[in-house]
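Welcome, and thank you for opening the viewer. Please load the model below, and let us walk through it one selection at a time.

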Amino acid sequence: MQPTAGNRYYCGEALRQRIVANLSRFSVRARAVNTAKRAAVAITIVETAHGPDLCGLPRHEHWDPNAALILTRRAAGLRNHAGQWALPGGRMEDGEGPEDTALRELCEEVGLQLAPDRVIGCLDDFSTRSGFTITPVVIWGGTGVDLTPNPGEVASVHRIPIQELMRADAPILEEIPESQHPVLLMPVGHSWIAAPTAAMLYQFREVAILGQATRVAHFEQPYFAWQ
């Protein structure tokens, strides 16, 4: 895809308005849970820039203004889910709403500080095998964004092009004997991302980009997430 304003996933006002409109028509399903087990993540739209730095996806010599989402690899020294793919986010602190948590964690993990008016909606809560209920908060990061990973929390930062989420082979569903629901994976480059992160990416694709009221909270997670 050439990086021009006529592209369907160009990181500009037309895409922002499309996502806002789709999210405004979506009826979010929240879950009532123990506040000590509440968390939020930031699904943040920015430019692809020089690419995601992943096997199977190109690195661009010049700045690519097509839209991407910020994902991280969690630092190896973290107590929970070290080394796994993640959206910037974490546990909600006292007095915070999901939007507050998502904005705070986005700043703490990748150095991107944004005002509350950059929040453009939410997706369904997703309860994990590790006991947390996560609210995905959709945020417009916009153009000209620099990211600086916090080495205490983040091993690396990647900009996954929205176009990559639209692949015909996504999602991948794998049956496991321990659950009546399949594990959901999203292919990225020559690899894949697993639920719960993958489930949120898939719902973002379906709801925010395609305008479809697709639900994902029932999908299973791989064994390594059952901790």
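Start by selecting Ala-49, which is buried, with a relative accessible area of 4%. You will find Ala-49 in strand β1. Look at its backbone: Ala-49 has a positive phi of about 60 degrees, although this residue is not a glycine. Keep in mind as you go that this is a predicted model.

**Step back to the whole chain**

Now show everything as a cartoon. How many helices and strands does the chain have? It has four helices and eleven strands. The radius of gyration is 16 Å, close to the 17 Å that the globule rule gives for 227 residues, so the chain is as compact as a globular protein of that length. Along the principal axes, the C-alpha atoms fill a box of roughly 45 × 40 × 40 Å.

Of the 227 residues, 54% count as buried. If you draw contacts with a separation of 6 or more, 66% of them are accounted for by residues 24 or more positions apart.

**Colour the charges**

How many salt bridges does the structure hold?

**First pair: Asp-125 and Arg-38**

Select Asp-125 and Arg-38, whose side chains meet in a salt bridge at 3.8 Å, N to O. Asp-125 sits in the loop between β5 (119-122) and β6 (126-127), while Arg-38 belongs to strand β1 (residues 38-49), so the pair ties together parts that are 87 residues apart in sequence. Are these two residues buried or exposed? Both Asp-125 and Arg-38 are buried.

Move on to Glu-220, which forms a salt bridge with Arg-129; their closest N and O atoms are 2.8 Å apart. Glu-220 lies in the segment after α4 (197-209) and Arg-129 in the loop between β6 and β7 (133-142), so this pair ties together parts that are 91 residues apart in sequence. Glu-220 is buried, with a relative accessible area of 6%, whereas Arg-129 counts as partly exposed at 39% relative accessibility.

Now pick Glu-164 and Arg-167, where the side chains meet in a salt bridge of 2.6 Å, N to O. Glu-164 is buried, with a relative accessible area of 12%. Arg-167, with 21%, is partly exposed.

Which residues are linked in a network of salt bridges? Select Glu-93, Glu-96, Arg-104, Glu-105 and Glu-108 together, and you have it on screen.

Then pick Glu-99, whose place is in helix α2 (residues 98-110). Glu-99 is partly exposed, with a relative accessible area of 32%. Leaving aside residues up to four places away in sequence, Glu-99 touches Val-119, Cys-122 and Val-137. Draw a line between the C-alpha atoms of Glu-99 and Arg-118: these residues are 19 apart along the chain, and the atoms are separated by 9.9 Å.

Begin with Pro-65 in strand β2 (residues 64-74). Pro-65 is buried, with a relative accessible area of 13%. From Pro-65 to Tyr-9, 56 residues away along the chain, the C-alpha atoms are separated by 9.1 Å.

Next, go to Pro-171, in the loop between α3 (162-165) and β9 (172-174). Zoom in on the backbone here: the peptide bond from Ala-170 to Pro-171 is cis, with omega near 0 degrees.

For the last stop, select Pro-196, found in the loop between β11 (191-194) and α4. A cis peptide bond joins Ala-195 and Pro-196, and its omega is about 15 degrees.

Note on methods. Residues are numbered from 1 along each chain as its sequence is written. This is a predicted model: local features need pLDDT of at least 70, side-chain atom pairs count only at pLDDT 80 or more; totals for chains, interfaces and linings use all residues. Side-chain values use heavy atoms; hydrogens and water are left out. Helices (H or I, at least four residues) and strands (E, at least two) are DSSP runs, numbered from the N terminus. The radius of gyration is taken over C-alpha atoms; the globule rule is 2.2 Å times the number of residues to the power 0.38. Buried means under 20% relative accessible area, exposed over 50%, partly exposed in between (1.4 Å probe, protein chains only). Contact means heavy atoms within 4.5 Å. A salt bridge is a side-chain nitrogen of Lys or Arg within 4 Å of a carboxyl oxygen of Asp or Glu.
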